[in-house]
Amino acid sequence: MSHFSPYFGEFGGTFVPEILVPALDQLTAAFENALEDDSFKAELGALLKHYAGRPTPLYEATHLSPNPLVRIFLKREDLLHGGAHKTNQVLAQALLTKRMGKNEIIAETGAGQHGVATAMVAAMMGMKARIYMGAKDCERQQPNVYRMKLMGAEVIPVHAGSGTLKDAVNEALRDWAANYDTAHYLLGTAAGPHPFPHLVREFQRIIGAEAKAQMIEAIGRLPDAAIACVGGGSNAIGLFADFIDEKDVELIGVEPGGEGVETGKHGAPIYMAKEGILHGMKSYLMQDEDGQVEESHSISAGLDYPAVGPQHAYLAKTGRAQYVPINDDEAIEGFKALCRSEGIIPAIESSHALAYALKRAKAASKEEVLLVNLSGRGDKDLNTIMKLEGLL
Amino acid sequence: MSLYQSLFERLRAKKEGAFIPFLTLGDPDLDTSFELLCTLVENGADALELGVPFSDPVADGPTIQAATLRALASGTTPKKALALVRRLKDKYPEIPVGLLTYANLVFAAGIDQFYLDAKAAGVDSVLVADVPIKESAPFVKAAKAAKVAPVMIAPPNASEATLKAVAQLSEGYVYLVSRAGVTGTETAAGKPLGHIIDTLKRYQSAPVVLGFGIAEPEQVKAALAAGCAGAISGSAAVKAAEQGPEQLAAFSASMKAASR
């Protein structure tokens, strides 16, 4: 009997061609079995510690905070091996791949962070990896394409549709439908069909669990708000998971507002709140009135996705978490502020969360402690920033 | 009696199988699409399977995906696609027409409303490519309420329990998928799946029709020899249509000839 319902309220489910159902059932069984298996936990724990570099530090960004009343703490997932939180759950899914007797990994990637983590772990475990990436994203994230290739992964550019993450997911699903016998689809975020939203959350939960203990050690209490950026939503759900039952902690997800939610050029499906079905799940989805999926837009390739993980849709609808848009230019300001004040170059994804924290801190009139998940480092985004500055 | 039932009975009496070609509605535009569909009917198609173009057709391979993009680019909406079906059914009221669509198009219209609209357009069956048995309840319920046949897919890797559910829920016909993967002729159809056909029949399913990778008359013969009641050909039909109405007519006629 399964531990997890495929649904979060009305969101979630298993909307895939029938042929993929047995592969998802197999994955569900392997996942739930692994959660109760001490040898799996020991093996994953050792890899997280010695390969990935956990625990990551919690750092108080005293120079960043624009208001002495507000303390801002950063959970430093950018210091993880690979440069982003993605390594956490990729290690876990790679172990599951082995447990299912498979030796090939199919993955999709937007900014390349998930692709890099997948390539890295596949190399380390001696597995083959095929990574689908939108042609437009290959262009904006060339260093990551090169990293993946260095580590032996096959990178397949996807030209269909908008040439971004959404289309890479479509191609990965097609590959999986043909090759499920030998290949695992190592989905990169807390979205997709059941069991992926649960699976990715459980293996990213470590972010919030560590941060919680570290906050108590640092200030003797929990933060007033936990803040993370949301594309598909894996770093955010990882941060939130252990705080959901802590009703005094506000949960804030930051969606990419792109050029402004009023312009239509954004990637903020929760803000739009239109329910739909894509990539195996019922969730919030950017779409026209006929149900054709719209292209999302964000300066951050990693957030450029027209849907969102179903648990976020549920947390938004029930009011447990708030979701706010941050525009491209605000994110860039957040990016620069952290570089200058703390000597940390954040991913543009994480800069959305930082920008919200800065905005909130500037407006604060009472003492407040903010916990921001610094989900990844920004080296991969230097091309984007240099182009904006006219340096490339 | 539904059009599918009378079709399959008629064919059985003649010891023939059904040839069911697929095209995407509105590819490359609505008027050309209408002419192409008429060409199929005039050249032996026993029933039609018609795709409603969706922006993210994950169950389809490159040929049908390209057809979908052409249809969308020429402004085909689900409403216009249904109007095209209506036009076709007004001309050929006896030919069974199945829709192939994706969950979000049904959901966006409102599940119940979608099936009512389909019925009003003359649609006989609806297959939703990304709705497996475990999510099918509201879709099947709405289909039955609107008197549209819900068609379910039987894949080659299905468990006995899935096949039983497919047999119980699917009306009109059962879509047997010949192999793993997405639609297309890039990968040939797999070997006929005798044990799956037997299981479906044991559970008294609607007639079983084989699809995925069916491009040659020989494959139609093989499907019928294995116990299928017919064969669906999608990507090959789309490719023939790309070459023009004469090529599509010749393709349809040769595939139908193989079903006799």
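Helices and strands here are DSSP runs, numbered from the N terminus, a helix having at least four residues and a strand at least two. The model described is a predicted one.

**Backbone exceptions**

Most residues other than glycine have a negative phi, and most peptide bonds are trans. Some residues of this model depart from that pattern.

His279(A) lies in the loop that runs between strand 11 (275–278) and strand 12 (280–284) of chain A. Although His279(A) is not a glycine, its phi is positive, at about 50°. Is His279(A) buried or exposed? With a relative accessible area of 6%, His279(A) is buried, because buried means under 20%.

In chain B, Gln204(B) sits in the loop between helix 9 (194–202) and strand 8 (208–211). Gln204(B) is not a glycine either, and has a positive phi of about 55°. Its relative accessibility is 71%, so Gln204(B) counts as exposed, the cut-off for exposed being over 50%.

**Helix 1 and helix 8 of chain A**

How do these two helices lie against each other? The axes of helix 1 (residues 21–35) and helix 8 (residues 196–219) of chain A come within 10 Å and cross at roughly 30°. Helix 1 of chain A is therefore roughly parallel to helix 8 of chain A, since angles under 35 degrees count as roughly parallel. The crossing of helix 1 of chain A past helix 8 of chain A is left-handed.

On the side of helix 1 of chain A, the contact is made by Leu24(A), Leu27(A), Phe31(A) and Leu35(A). Helix 8 of chain A contributes Phe196(A), His198(A), Leu199(A), Glu202(A) and Phe203(A). By type, the residues of this contact divide into seven nonpolar, one polar and one charged.

**Aromatic rings**

A pair of aromatic rings is described by the distance of the centres and the angle of the planes. Over all chains, the count comes to 12 aromatic pairs. One of them joins Phe40(A) and Phe203(A): the ring centres are 6.1 Å apart and the planes stand at 50°, so this pair is tilted. The pair links distant parts of the chain, as Phe40(A) belongs to helix 2 of chain A and Phe203(A) to helix 8 of chain A, 163 residues apart. Phe40(A) is buried at 2% relative accessibility, and Phe203(A) is buried with a relative accessible area of 8%.

In chain B, the rings of Phe114(B) and Tyr115(B) have centres 5.6 Å apart and planes at 80°, so that pair is edge-to-face. Phe114(B) and Tyr115(B) are both buried.

Ring pairs also link Phe4(A), Phe31(A), Phe40(A) and Phe203(A) into a cluster. Phe31(A) and Phe203(A) are among the residues of the helix contact described above.

**Surroundings of Tyr132(A)**

Tyr132(A) is in strand 6 (residues 128–134) of chain A. Tyr132(A) is buried, with a relative accessible area of 9%. Which residues does Tyr132(A) touch, not counting those up to four places away in sequence? Among them are Ile106(A), Ala107(A), Ile156(A), Val158(A), Ala168(A), Glu171(A) and Asp175(A). Between Tyr132(A) and Tyr180(A) there are 48 residues of separation in sequence and 16 Å in space, C-alpha to C-alpha.

Note on methods. Residues numbered from 1 in each chain as written. Chains lettered and ligands numbered in written order. Predicted model: local features only at pLDDT ≥ 70, side-chain atom pairs only at ≥ 80, totals over all residues. Heavy atoms only, no water. Axes fitted to C-alpha atoms, helices over the stretch in contact; angles between N-to-C directions. Parallel < 35°, antiparallel > 145°, perpendicular 65-115°, else oblique. Left-handed = near helix turned anticlockwise from the far one by under 90°. Contact = heavy atoms within 4.5 Å. Nonpolar A, V, L, I, M, F, W, Y, C, P; charged D, E, K, R; others polar. Buried < 20%, exposed > 50% of the residue type's maximum accessible area, 1.4 Å probe, protein only. Phe/Tyr/Trp six-rings, centres within 6.5 Å; stacked < 30°, edge-to-face > 60°.
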